[in-house]
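Okay, thanks for coming, everyone. Let's walk through one structure together, so please look at the screen.

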Amino acid sequence: MYILVANLGSTSFKYRLFQMPEERQLARGGIERIGSLESRCVVEIGSARQEKTLHVPDHAEAVRQCLAQLTDPQIGCLKDPSEVSAIGFKAVHGGRLSGVQLVTEEVLGAMEEMNEVAPAHNPPYIRAMRLLRERFPQIPLVAAFETGFHQTIPERNRYYAIPYEWAEQYGIRRYGFHGASHRYIAGRTAELLGRADLRIISCHLGGSSSLCAIRGGQSVATSMGFSAQSGLPQTSRVGDLDIYALLVLMERTGKPLRELLGILGSQGGLLGLSGLSGDVRDLAEAAAKGHKRAQLALEVFVSEVRRYLGSYLVELGGADVIVFTGGIGENRPEIRAQILSNLEELGIVLEPSANANARGECPIHAPFSRVQIWVIPTNEELVVARQAKELLEKLGQAGGPSAAAAGMGCASATPHSRPAEESIS
């Protein structure tokens with residue numbers, strides 16, 4: 001079985017092709033600047049790489065180009081597009097619908113209800129899904145919602161202290177996001193340590209960031225709530241904010257609520273604090289040269305991570321493992337060190353050399369640390385491929401070719417290969 005996993009932006013389409021159940025990544029590629037006259041198309045299959053520029057007007061055409069790349073006589077690893085059993089999407093917010101769903105009008109309608117809550121994510125996914133259903137009706141589309149992993153969160157951590165009817169009638173509650181990443185970390189950490197009963201604090205830190213408290217493989221608390229705007233400061237999204245600040249801003253700036261929300265969602269976060277950039281690499285470089293607001297942005301980010309980390313240590317009654325993943329979590333040893341500084345009395349001790357030289361999956365804790373500390377590259381696309389496969393099997397649609405990669409001319413990656421793209425959520 002071949003599962004194509006799609007990661008969509010408003011003008012981009014990135015994909016990975018997996019052979020299941022072997023969990024081999026056969027190909028990866030993407031198309032940028034969809035809608036322009038010169039869209040950039042790239043595909044990597046084994047050691048072969050192909051790049052070209054052409055007009056790709058919409059996401060349906062992007063998928064057609066993707067399938068053309070995968071079946072190219074020179075470098076392709078499929079004989080025919082019909083070999084693709086499903087296209088899986090790391091969908092963000094379905095509100096009243098969660099988990100893993102076959103894309104139907106009901107599913108698209110539920111996503112549309114949350115457009116204002118996830119304006120950067122839901123609309124492009126909905127447009128693309130509708131186009132693909134029209135253009136490729138023979139290929140099942142599967143939405144694996146980011147909120148799905150957090151359905152195990154107990155009610156005490158899910159409800160806001162608002163009139164109860166608001167939660168029941170309007171769905172105002174904590175949903176949580178980055179579910180594919182936290183699910184992968186839960187499973188992979190249990191696999192590495194050979195235990196299913198672990199208390200894990202998963203720190204997904206990147207362009208978009210969240211923490212998740214995991215017990216026995218299940219989410220029990222997470223930093224994002226009703227929307228992806230909440231929780232930690234993001235690249236350009238505000239994170240937690242007292243709602244009365246919006247009232248003051250409306251009165252004193254004269255700006256309407258929607259405009260203020262747009263500003264908080266695109267000019268807030270690390271970008272807003274620093275006035276320079278939302279990219280931690282830029283901020284670290286600027287801070288080293290004495291840029292005070294860049295330093296402030298980094299300090300606020302670290303402080304907020306520590307606040308949630310402390311909360312989850314209490315929630316779990318301690319931790320067996322703290323895991324760092326995502327672009328920042330995997331690649332910024334100084335951020336990891338700042339987050340875990342002065343926690344020795346809690347049994348959390350980094351090994352400086354291991355932290356500084358961490359590459360790929362590796363432990364970075366001192367030998368005497370009671371809590372293990374790991375860097376584990378996430379693989380959200382593999383999680384979506386697994387979920388799509390499971391849904392197809394449940395629905396009895398798991399047929400179709402699944403020839404060995406070698407016989408198809410495809411070089412396979414390891415099941416736990418690191419995705420290059422950052423999570424969009």
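Here's one to start with: in S3, which residue is the bridge partner of Arg 16? It's Arg 28. Before going further, a word on what you're seeing: this is a predicted model, where local features need pLDDT of at least 70 and side-chain atom pairs count only at pLDDT 80 or more, while totals for chains, interfaces and linings use all residues. Residues are numbered from 1 along each chain as its sequence is written, and side-chain values use heavy atoms, with hydrogens and water left out.

When I say helix or strand, I mean DSSP runs numbered from the N terminus, at least four residues of H or I for a helix and at least two of E for a strand. Two strands pair if DSSP finds at least two bridges between them.

S2, residues 12–19, and S3, residues 24–32, run antiparallel and are joined by eight bridges. They belong to an open sheet of eight strands, in the order S5-S4-S3-S2-S1-S6-S8-S7, with mixed pairing. At the edges you find S5 (48–54) and S7 (100–102); each has a single partner strand, so one side of each has no neighbour in the sheet. On average, neighbouring strands here are turned by 20° against each other, direction ignored. Helix H1, residues 59–70, packs on this sheet, touching S1, S2, S3, S4, S5 and S6, and its direction makes about 40° with that of S2. Contact here means heavy atoms within 4.5 Å, and the angles, from 0 to 180 degrees, are between N-to-C directions of lines fitted to C-alpha atoms, for helices over the stretch in contact.

Now, salt bridges. That's a side-chain nitrogen of Lys or Arg within 4 Å of a carboxyl oxygen of Asp or Glu, and the whole structure has 31 of them. In one, Arg 386 meets Glu 23 at 2.6 Å, N to O. Arg 386 sits in helix H15 (residues 380–395) and Glu 23 in the loop between S2 and S3, so this pair ties together parts 363 residues apart in sequence. Arg 386 is partly exposed at 24% relative accessible area, whereas Glu 23 is buried at 16%. The cut-offs: buried is under 20% relative accessible area, exposed is over 50%, and partly exposed is in between, with a 1.4 Å probe and protein chains only.

Another pair is Arg 135 and Asp 58, at 3.8 Å, N to O. Arg 135 is in helix H3 and Asp 58 in the loop between S5 and H1, 77 residues apart. There's also a network, where salt bridges that share partners join Glu 32, Arg 40, Glu 44, Arg 49 and Glu 51. Within it, the closest N and O atoms of Glu 51 and Arg 49 are 2.9 Å apart.

And His 150: buried or exposed? Buried, with 0% relative accessible area. It's in the loop between S8 and H4, and beyond residues up to four places away in sequence, His 150 touches several others, including Tyr 175, His 182 and Cys 212.

Last stop, helix H11. Just after H11, Gly 317 takes a positive phi of about 70°.
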